[in-house]
Amino acid sequence: MSQVPDQNNPYRATAPAPYMLPPGTASQSDATGGLIPYKNPHALIAYYLGLFSLFPILGLFLAIPAFVLGIIGLRKRNQNPAIRGSVHAWIGIVMGGMMTLLWSGLLVLLVGVAIFNR
């Protein structure tokens, strides 16, 4: 911890020096530290819909919007890199796509079994 010297006595420190960033490296971050892309709501909503699409009954209805919003969020991120959220958008795209395939496949299988068992 560096100390600020006293004006009268250069050997006696009075208070700790405040932490300062080097010149030209001003911090653009906020309290969340860039973990939550609140400036890119499409990516954030796609992330949550992608995670909640794992639930069986609502999965198909949440997976399709997760996929679409993930693509929109990724496009917004590419247009303006300062808004962040590419990881959230990719999770929405991947989870939305996988769960759409899974739940629609299961739905087709169930309908097929119901039709052939009449």
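## Where α1 meets α2

In this predicted model, residues His42, Ala43, Ile45, Ala46, Leu49, Gly50 and Phe52 of α1 touch Leu62, Pro65, Ala66, Leu69, Gly70, Ile72, Gly73 and Lys76 of α2, where contact means heavy atoms within 4.5 Å. Both helices are DSSP runs (H or I, at least four residues), numbered from the N terminus.

The α1 and α2 axes come within 7 Å and cross at roughly 150°; such axes are lines fitted to C-alpha atoms over the stretch in contact, with angles from 0 to 180 degrees between N-to-C directions. The two helices are therefore roughly antiparallel, a label for angles over 145 degrees.

## A look at α1

Helix α1 covers residues 41-52, 12 residues in total, and spans 16 Å from first to last C-alpha, close to the 16 Å expected at 1.5 Å times one less than the number of residues.

Its buried residues are Ala43, Leu44, Ala46, Leu49 and Gly50; buried means under 20% relative accessible area, exposed over 50%, and partly exposed in between (1.4 Å probe, protein chains only). They pack against α2 (59-79) and α3 (86-116). Phe52, by comparison, is partly exposed at 44%.

## Aromatic pairs

The whole structure holds two aromatic pairs, meaning Phe, Tyr or Trp (six-membered) rings with centres within 6.5 Å, stacked under 30 degrees between planes, edge-to-face over 60 and tilted otherwise. Tyr47 and Tyr48 pair edge-to-face, at 5.2 Å centre to centre and 70° between planes. Phe52 and Phe55 are stacked, at 6.1 Å and 15°.

## Reading notes

Residues are numbered from 1 along each chain as its sequence is written. In this predicted model, local features need pLDDT of at least 70, side-chain atom pairs count only at pLDDT 80 or more, and totals for chains, interfaces and linings use all residues, while side-chain values use heavy atoms, leaving out hydrogens and water.

How values were computed:
Parallel < 35°, antiparallel > 145°, perpendicular 65-115°, else oblique.
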